[in-house]
Amino acid sequence: MAETIQVISPLDERVLKTYPITEREEITQKMATARLAASIWSGYSVEKRVGLLSQLKAIILSDCDAITEVIMSVTGKVKTEVLLGEIYPVLELLRYYEKNAARILAPCRLATSPLAFPTASAQFERRPFGVVAIISPWNFPFQLTLSPLLTAIFSGNATIFKTSEFSIPVGELILQLFNRIPLPEGLVQQVIGLGETGGQLIDGRPDLVFFTGGVITGRAIMANAAQHPIPVILELGGKDAMLVFDDANLERACNAAMYGAFSSSGQVCVATERLYVQETCYPKFVKMLQDAVNKLIVGHGPEGDLGALTSLDQYTIVEAHYHDAIAKGAKASSSLQLNGRYLKPVVLWDVTHDMRVMREETFGALLPVMVFNSEEEAFRLANDSEFGLNASVWSADIEKAERVARQLQVGNWAVNDVIKNIGHAALPFGGVKNSGFGRYHGAEGLRNFTCTVSGLTSRSQLNEEPNWFPYSDQRYKEMHGFIDFIFGDGTLWQRTTRNWLELQVFRGYAQSNARQHWENFMIKLFRRRDY
Ligand code: NAD
């Protein structure tokens with residue numbers, strides 16, 4: 001009998017369902033079905049794919065409350081958090097691809113140099129990889145499975161996904177949503193299991209692996225994918241900095257810090273995990289944070305801000321970071337209080353970079369606060385981290401804030417806002433340093449799920465080209481002249497006259513050139529700017 005996984009709701013510890021773990025042979029079968037689906041799906045025009053996938057928007061909207069219930073029961077989040085953090089970004093991405101996928105994925109014809117490629121036309125197209133494996137974490141199981149999944153299928157791939165073992169019902173829900181659209185059979189499939197099953201999925205040799213999760217798992221996935229070898233996109237953890245200058249709207253910044261650090265109980269990859277405040281407003285701002293954190297409501301009542309912890313394992317890390325900080329001299333807004341799975345959020349101040357809470361990902365409701373003096377010190381402290389996912393800069397002086405943001409070693413930043421930038425569907429999202437590599441969202445994200453195939457077509461009638469054999473000293477002289485004519489100093493007239501003799505070898509081209517010149521001119525005239 002197959003091994004099973006029991007999924008328990010963090011809301012009330014009830015067993016939601018028991019699932020059989022997908023066995024290796026089943027993964028092989030799923031891969032074969034996915035390959036077949038990919039070959040059918042990639043044959044559809046982008047417009048046809050968009051037409052079919054657009055139906056998902058209406059399905060999600062009509063089932064919004066039911067979807068919210070499932071995600072709440074699996075993650076322990078409060079319902080507004082589910083709506084804004086899980087459902088809204090998916091709808092936004094759907095709308096963006098609906099409007100833009102055909103343009104972003106369109107094949108492109110390019111102008112060619114009239115001298116180097118006089119009778120040639122150049123083009124490239126974006127072909128789907130084939131089958132994309134998506135491995136997702138437990139903190140945003142709907143968004144972080146569906147966003148890469150949609151990106152993969154909009155660009156013509158089939159997908160097999162594995163949610164976290166804590167979030168399997170959300171994967172089941174995703175399958176049910178897709179079952180309501182007439183897609184090729186096996187275009188979207190799920191495998192169920194722990195890390196080992198994720199490894200087997202990669203051993204099944206998909207054509208691309210998109211992984212969201214912790215850095216240690218990310219390394220294991222990359223090492224596994226390297227055996228085959230399969231390209232990977234890694235969206236890993238973060239230790240996001242928030243820099244507050246004294247000219248910022250402090251009330252807004254304080255409320256943002258509460259949201260940035262404590263939404264989804266801090267179990268957010270782009271959570272505010274380090275807060276740096278300018279010395280001139282530090283005491284006042286710390287006081288504001290203390291008042292604000294005490295007003296937050298933990299629980300699932302009509303006014304709850306923070307829900308339950310999805311995984312109690314995470315609490316062990318939160319606890320360790322808290323006690324380490326206190327032992328090294330940090331001050332806290334309260335003691336650490338866990339009631340069942342409900343954790344009271346804590347602000348820690350007077351922290352230093354020697355504390356674990358400032359160096360390691362906490363992924364929980366702790367907000368450590370530290371002082372800075374100058375603009376230079378602000379970004380130096382923010383960059384003193386092995387992570388580089390997201391960050392925010394707060395100031396009334398937008399020019400200064402953007403100047404600081406541009407110095408940050410991160411994949412994404414926001415000025416005078418927090419977390420929200422990940423929800424902008426046109427902005428490519430991803431990390432640097434230990435936060436991973438590769439981007440999704442936006443045009444770049446969609447294209448990253450395709451491989452670019454380029455082509456060059458010659459219409460030359462010549463029996464031999466000047467760059468072909470036979471080589472000789474004379475040919476060397478001619479080519480030297482050709483290079484000087486194209487790249488050398490001086491006006492066109494000067495370059496032509498000094499290389500006139502050498503250029504005679506190209507005369508044979510002249511007859512076949514006229515048509516190509518015209519075509520190149522037209523391509524240049526209408527060429528799209530984004531290529
Ligand atoms: P995790 O790394 O433990 O697990 C993620 C997924 O990988 C799960 O589905 C898990 O079953 C699978 N997995 C585990 N070992 C595997 C292996 N050897 N081979 C293949 N698959 C394997 O992460 P988590 O605890 O579920 O999520 C929390 C982490 O995710 C945090 O570090 C957080 O910062 C990160 N995260 C990053 C982003 C981002 O966009 N950068 C977003 C959300 C979460």
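Q: What does buried mean for a residue here?
A: Buried means under 20% relative accessible area, and exposed means over 50%. The model is a predicted one.

Q: Why is Phe363 called buried?
A: Its relative accessibility is 11%. The cut-off is under 20%, so Phe363 counts as buried.

Q: Why does Trp138 count as buried?
A: Trp138 has 13% relative accessibility. That falls under the 20% limit, so Trp138 counts as buried.

Q: What makes Trp138 and Phe363 an aromatic pair?
A: Ring centres must lie within 6.5 Å. Those of Trp138 and Phe363 are 5.5 Å apart, so the two rings pair. By this rule the count comes to 11 aromatic pairs.

Q: Which parts of the chain does the pair of Trp138 and Phe363 tie together?
A: Trp138 lies in the loop between β5 (131-135) and α6 (143-154). Phe363 lies in the loop between β15 (346-349) and β16 (366-372). The pair therefore ties together parts that are 225 residues apart in sequence.

Q: What makes Phe469 and Tyr471 an edge-to-face pair?
A: The centres are 5.1 Å apart, with 75° between the planes.

Q: Are Phe469 and Tyr471 buried or exposed?
A: Phe469 has a relative accessible area of 66%, and Tyr471 has 59%. Exposed means over 50%, so Phe469 is exposed and so is Tyr471.

Q: Which residues do ring pairs link into a cluster?
A: Phe210, Phe429, Tyr440 and Phe449.

Q: What puts the charged end of Lys77 over the ring of Phe140?
A: The distance limit is 6 Å from the ring centre, and the charge must also lie within 35 degrees of the ring normal. The charged end of Lys77 is 3.4 Å from the centre of the Phe140 ring. Lys48 lies over the face of Tyr44 at 4.0 Å from the ring centre.

Q: How do you know that α4 has the span expected of a helix?
A: Helix α4 (residues 64-75) has 12 residues. From its first C-alpha to its last it reaches 16 Å, close to the 16 Å expected at 1.5 Å a residue. Gly76 follows α4, with a positive phi near 85°.

Q: Which elements do the buried residues of α4 pack against?
A: They pack against β2 (15-20), α3 (55-62), α5 (79-105) and α7 (168-178). Among the buried residues of α4 are Cys64, Ile67, Thr68 and Ile71.

Q: Why is Thr159 called buried?
A: Its relative accessible area is 0%. Buried needs under 20%, so Thr159 is buried. Thr159 lies in strand β6 (residues 158-162). Residues it touches include Val132, Ile134, Leu149 and Val188. Thr159 and Val188 are 29 residues apart in sequence and 5.1 Å apart in space, C-alpha to C-alpha.

Q: Why does Asn383 count as buried?
A: Asn383 has a relative accessible area of 16%. The limit is under 20%, so Asn383 is buried. Asn383 is found in helix α13 (residues 375-383).

Q: How many residues surround the ligand?
A: 28 residues surround it, and Thr217 is one of the closest.

Methods: Residues numbered from 1 in each chain as written. Predicted model: local features only at pLDDT ≥ 70, side-chain atom pairs only at ≥ 80, totals over all residues. Heavy atoms only, no water. Helix = DSSP H or I, 4+ residues; strand = E, 2+ residues; numbered from the N terminus. Expected span 1.5 Å × (residues − 1). Buried < 20%, exposed > 50% of the residue type's maximum accessible area, 1.4 Å probe, protein only. Contact = heavy atoms within 4.5 Å. Phe/Tyr/Trp six-rings, centres within 6.5 Å; stacked < 30°, edge-to-face > 60°. Near = heavy atom within 4 Å. Lists of a residue's contacts leave out its neighbours within four places in sequence.
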